[in-house]
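Visitor: Can you walk me through this one? Keep it quick.
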Amino acid sequence: MLPLLAAATALSAADLYRVAGVIVDSETGSPIANASLTLSPMDQPHAGMLTTSGQDGSFAFDAAPGKYNLMAVIAGVSQPFGQVNRFVGMGASVITGPDQDTAHLVFRWHRLAVITGRVLDDQGEPVENAQVRLFCSAVFAGRKRIAQSFQTTTNDQGYYRAWAIIAGPYYAFVTAEPWWNSQRVGVGGSEPARVYPTVYYPGTTDITRAALLAVHPGEEARVDFTLTAITAAKLTVNCDNCAPDAPPPARSRSLMELRVTAEGLGGTETAVAQRNVYRWPVTLDMVPPGHYLVRVSGTGAENPLVAERWIDVGAGDIAVSLSLHPAAAVSGKVTFKPNVPPPSRPLTVVLSPELNGKSASSTAGPDGAFRISNVAPGKYHVYVTGGPYYHTETIRTGDHVPAGGLLSVEEGAESRVEIVASNEIGHLKGFATRDDQPIANMLVVLMPVDPSSGFPNQAFQTDSDGSFDWPPLPAGDYLLFAVDDPTIAYADPETVKPYLPQAKSIRIEPGKILEERVPVQPAVK
Amino acid sequence: MRGVWLLLLLTGCCSAQQGEYVLAGSVVNSRTGDPVKRALVTAFRLPTPADMGDGPVARPTPAQPFSATAFTDVSGVFRFTGLASGTYNLSAQKPHFTEPPTERKPVQIESSSKEDVRLDLSPLGTIEGKITDQRGQPGYGISVHLMQTTIRAGWRQTEVVRDVWTDDRGIFRAWDIAPGRYLVRAAGRNSSMSAYINDGDPTNRGAYEGYVPAYFGGPTADSATPIIMEPGTEARADFSVMVQPAHKVRGRLENLGTGDVKFALVSGDEEVGTGRVAFNKASGAFEMREVLNGNYTLRATQGNQAVAEMPLIVDGSDVEALRLTLEGPVEIPVNVRISGQPELPETRRESLARPGSPESANLPGFCQATLHGADPGSVPSQSRGGATISALPGRYRVGIFCFAAYPVSIALGTSDLLADPSITVSPGAAPAPIEIVARHGGGMITGAIKLDQEPAGKIMWVLAVPSVSTRDPELAPAFDRSGGQFFLNSLAPGDYTLYAFSTDQIEYRNPEFLRGLTGGESVHVEDGATATVTITRLAQ
């Protein structure tokens with residue numbers, strides 16, 4: 001808890017102010033000695049000051065008035081001041097100056113953890129070079145999603161050690177290949193290869209039974225795995241219309257690419273095979289059981305060609321036949337809001353996937369027309385880059401506004417998008433308050449009223465004085481609210497819904513600075 | 001569980017069962033004599049004339065496979081059954097073992113089974129250790145290099161043969177280490193180069209401390225304690241490193257082309273930092289972290305296309321605003337003049353081209369220059385057609401190879417490269433040519449090594465050391481199977497001393513090494529003549 005707006009401690013005639021406090025274990029409150037701390041001006045990150053915490057965890061700097069980034073480094077791992085919990089990395093700036101008490105900071109250090117263990121095969125022998133991956137479920141860019149947070153490999157004794165990880169719940173799983181697969185020598189190999197199926201904590205090959213492993217700060221958790229080799233399935237992929245004499249649209253003599261991707265936890269994807277193909281069919285002979293996306297792509301006469309299908313591989317061999325068709329594309333035109341001049345260079349239109357996947361982009365022509373080819377099916381945010389402060393004002397597909405501002409791309413379809421761009425920006429700053437007093441480490445959320453803007457929700461963790469001060473924002477109408485939990489999935493419509501009734505309606509005018517005081521709402525658990 | 005993998009992970013074993021014979025034996029740890037369980041044994045039947053068909057390449061059919069594989073059981077026993085008669089090559093494989101470097105002896109099955117085959121596997125070693133700092137804290141994330149000294153073309157060089165890093169406990173472990181002599185070096189914090197795209201702070205990490213590079217046993221390579229690895233050695237290397245205040249070095253790399261950029265910080269002859277760099281490929285901005293106080297050379301290379309280098313002094317604070325400019329390769333003219341060249345019709349050259357044949361002395365000679373970089377991993381640049389040699393700016397050693405000729409003088413400007421082959425290639429400036437003056441012909445030495453006691457190796461080596469230091473020593477092999485015979489040709493006339501060695505790992509470019517040699521045979525070489533020598537002892 002930060003004491004706020006107490007008396008400032010001016011130390012010298014040169015207007016230096018004390019930035020001081022204590023660094024403590026976030027769980028136990030015990031002081032941490034010998035931590036390295038740096039205080040760097042936000043506008044001059046290289047001009048940092050360095051100190052080391054004392055035996056009582058205390059530290060102190062003297063700094064000119066300004067906005068600072070305070071970091072601590074312990075055992076090579078850095079954490080920002082104000083980091084609220086394990087995965088929220090925004091931190092809070094330290095504001096120095098008159099009327100700011102920065103001499104009594106409490107830097108809550110989140111102690112790290114270790115996950116270690118051993119991977120053995122079903123004969124009790126160590127499995128070397130097994131890939132052990134840790135996935136966490138956390139909020140990234142305002143959305144809760146599962147993502148890989150650590151990867152390591154086993155040594156010759158089968159041991160792995162994931163160290164300096166943030167405490168919290170993890171999915172853990174291991175993939176490996178039997179060592180003798182790479183030793184198959186000589187002529188006449190006719191027996192099927194053997195593979196290790198992926199094993200998830202707590203020892204299951206069924207991804208739906210994968211469980212979270214809770215790792216506490218400072219804990220060294222032990223997770224062992226046993227891998228059992230099974231006969232690998234053969235996956236045979238054929239392309240109906242990839243032959244050189246095939247009828248259009250796939251009448252192409254160019255090289256095709258085959259890519260097989262495994263679906264993992266939380267919809268993540270991992271490429272398991274990728275090869276260039278001249279002749280079909282193609283057989284992959286070491287495919288472990290799993291859910292896979294088989295994708296064939298190549299260059300057609302005019303457009304990229306693609307074919308894809310999800311398949312389930314079990315114990316037996318499997319064959320899949322695909323027909324190429326033109327890949328999905330997004331085309332349209334970028335125009336400008338009345339009285340907004342176009343930038344000196346054409347803008348680039350970017351499709352950013354809602355959750356997992358690859359971004360795609362294309363630069364608009366002088367007339368604003370653009371076309372993004374070879375777009376994977378899915379939902380995308382649409383935005384523009386390439387000119388100072390230019391942003392999407394509205395997005396329309398025909399007469400419709402895409403639901404939630406997200407463009408939905410269907411397989412093989414051509415989507416048309418009309419984008420109105422603007423460079424009108426304004427500023428928003430203020431304080432999150434409780435009982436009308438500014439309060440640090442709160443989450444202030446800004447949500448555009450018009451979903452056709454395609455502008456995603458924004459969030460700001462308040463600084464040491466309880467303030468927020470956004471970089472330039474698109475002018476327009478927004479809802480603004482503050483929550484006492486900086487970890488919420490602020491870009492998820494369902495998560496923010498309970499806070500909207502008490503949100504403030506604001507309008508950011510072009511070229512103006514709007515100052516707001518936002519009462520903090522308790523987080524909905 | 002024995003039956004589970006007694007026999008069969010098979011590649012064609014079953015279809016090989018067309019005969020009545022058994023081929024069995026055991027796989028043994030050559031160091032301990034213990035059985036090696038679950039080793040993979042491959043039996044490869046050598047093709048018979050009947051398999052060969054009409055052509056020289058064996059054509060196996062599904063009914064007539066050539067190989068089978070089986071795992072050993074817990075007693076290290078393997079067993080192939082139902083084999084046809086023939087000659088089989090057997091090999092065994094198992095992680096962390098290697099087959100001893102002896103010739104595989106084929107096993108013949110003609111009229112009876114063979115069940116007493118012994119296959120040896122030699123265990124590889126491990127080196128494990130713990131690194132702490134002067135405060136007793138674990139040295140986490142430290143890059144640990146295993147280094148070996150090897151001799152290449154007579155030059156001694158030390159190479160990093162394995163790179164591992166410590167964990168949060170300061171523990172490192174390297175495995176599958178072949179026998180040999182190793183130095184263990186803590187080379188600072190492990191980190192790969194990171195890319196960033198904005199113009200802000202690339203790292204924002206408070207890396208204000210760094211580890212001083214040190215060796216197991218001492219601060220330098222000379223004071224380090226070598227670890228001698230035998231088969232299966234489990235060596236331990238615990239040592240301490242100093243933590244010191246460290247700084248950041250920032251700047252911009254200019255004249256960027258395409259291709260990956262590598263940064264290196266060189267102190268003396270050692271690279272002390274390569275990975276702790278954040279680099280913005282678009283702008284060329286870079287930041288090197290954890291740089292200790294000291295005098296360095298900062299080097300950036302872009303593949304083999306360009307290099308940039310500058311001296312760097314770090315003294316108590318960050319270094320800002322450096323400008324490094326990448327420079328492309330320089331074309332160095334190579335002029336070769338060979339006197340006494342014979343005139344030979346093109347049609348005869350091929351028939352005379354067998355090296356060492358008396359006729360080969362009548363071939364026109366040629367010479368080419370090679371530049372060897374200081375970096376052991378660098379690819380030497382070679383002159384093509386004797387016209388030019390392309391090299392990035394830097395320091396090199398010039399090597400000259402002549403066929404049917406011997407160099408009389410090699411110069412770069414006023415520098416005598418026969419006396420000192422070191423050159424520095426400067427960026428941009430038009431370099432002076434490498435002038436090679438050679439004379440066609442030269443003398444030949446033939447002979448044989450005949451020792452009382454046969455050495456273990458299959459090849460011995462003869463070193464011909466000229467009496468004048470401005471000529472390079474020559475090294476030639478002497479094969480057992482040819483009765484230890486050797487020859488050296490295109491030698492400059494003069495006096496030589498010949499030494500015999502059982503290895504080519506000899507530092508014959510080092511004058512100090514040459515001065516210490518004893519046990520040689522003296523020989524005089526004349527132009528166009530052949531001297532004969534028999535060597536009966538190994539050099540000391």
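Predicted model: local features only at pLDDT ≥ 70, side-chain atom pairs only at ≥ 80, totals over all residues.

Visitor: OK, chain A. How many helices and strands are there?
Guide: Chain A has 1 helix and 44 strands.

Visitor: And what does its C-alpha trace span?
Guide: About 85 × 65 × 40 Å along the principal axes of chain A.

Visitor: What share of chain A is buried?
Guide: Of its 525 residues, 36% are buried.

Visitor: What about contacts in chain A, how many join residues at least 24 apart?
Guide: Take the contacts between residues at least 6 apart in sequence. In chain A, 72% of those join residues at least 24 apart.

Visitor: How is chain A divided into domains?
Guide: Domain 1 is 17-109, and domain 2 is made of 112-180 + 192-231. Then come domain 3 (233-325), domain 4 (328-422) and domain 5 (425-521).

Visitor: How far apart are the centres of domains 1 and 2 there?
Guide: In chain A, the C-alpha centres of domain 1 and domain 2 are 34 Å apart. Domain 1 of chain A gives 5 residues to the contact, and domain 2 of chain A gives 9 residues.

Visitor: What classes of residue are on the domain 1 side?
Guide: On the side of domain 1 of chain A that touches domain 2 of chain A, 3 are nonpolar and 2 are charged. There are no polar ones on that side.

Visitor: Pick V382(A). What does it touch?
Guide: Leave out residues up to four places away in sequence. V382(A) then touches V349(A), L351(A), T392(A), I395(A), L407(A), V417(A), I419(A) and G454(A).

Visitor: Is G251(B) buried or exposed, and why?
Guide: G251(B) is buried, because 20 other C-beta atoms lie within 10 Å. The cut-off for buried is 20 or more.

Visitor: What does G251(B) touch?
Guide: Beyond four places in sequence, G251(B) touches F286(B), A321(B), L322(B), R323(B) and L324(B).

Visitor: What are the domains of chain B?
Guide: The assignment gives domain 1 (2-123), domain 2 (126-325), domain 3 (330-440) and domain 4 (443-535) of chain B.

Visitor: How do domains 2 and 4 of chain B meet?
Guide: In chain B, 5 residues of domain 2 are in contact with 8 residues of domain 4. On the domain 2 side, strand 10 (142-152) and strand 11 (155-165) of chain B each give two or more residues. By class, that side of domain 2 of chain B has 2 nonpolar, 2 polar and 1 charged residues.

Visitor: Last topic. What is the mean pLDDT of chain A?
Guide: The mean pLDDT of chain A is 86, and 91% of its residues reach 70 or more.

Visitor: Where does pLDDT stay under 50 in chain A?
Guide: Residues 1-11 of chain A stay under 50. Residues 185-190 of chain A stay under 50 as well.

Definitions and conventions:
Residues numbered from 1 in each chain as written. Chains lettered and ligands numbered in written order. Domains from an automatic or database assignment. Contact = placed C-beta atoms within 7 Å. Nonpolar A, V, L, I, M, F, W, Y, C, P; charged D, E, K, R; others polar. Helix = DSSP H or I, 4+ residues; strand = E, 2+ residues; numbered from the N terminus. Buried ≥ 20, exposed ≤ 12 C-beta atoms within 10 Å, placed from the backbone. pLDDT = per-residue confidence, 0-100.
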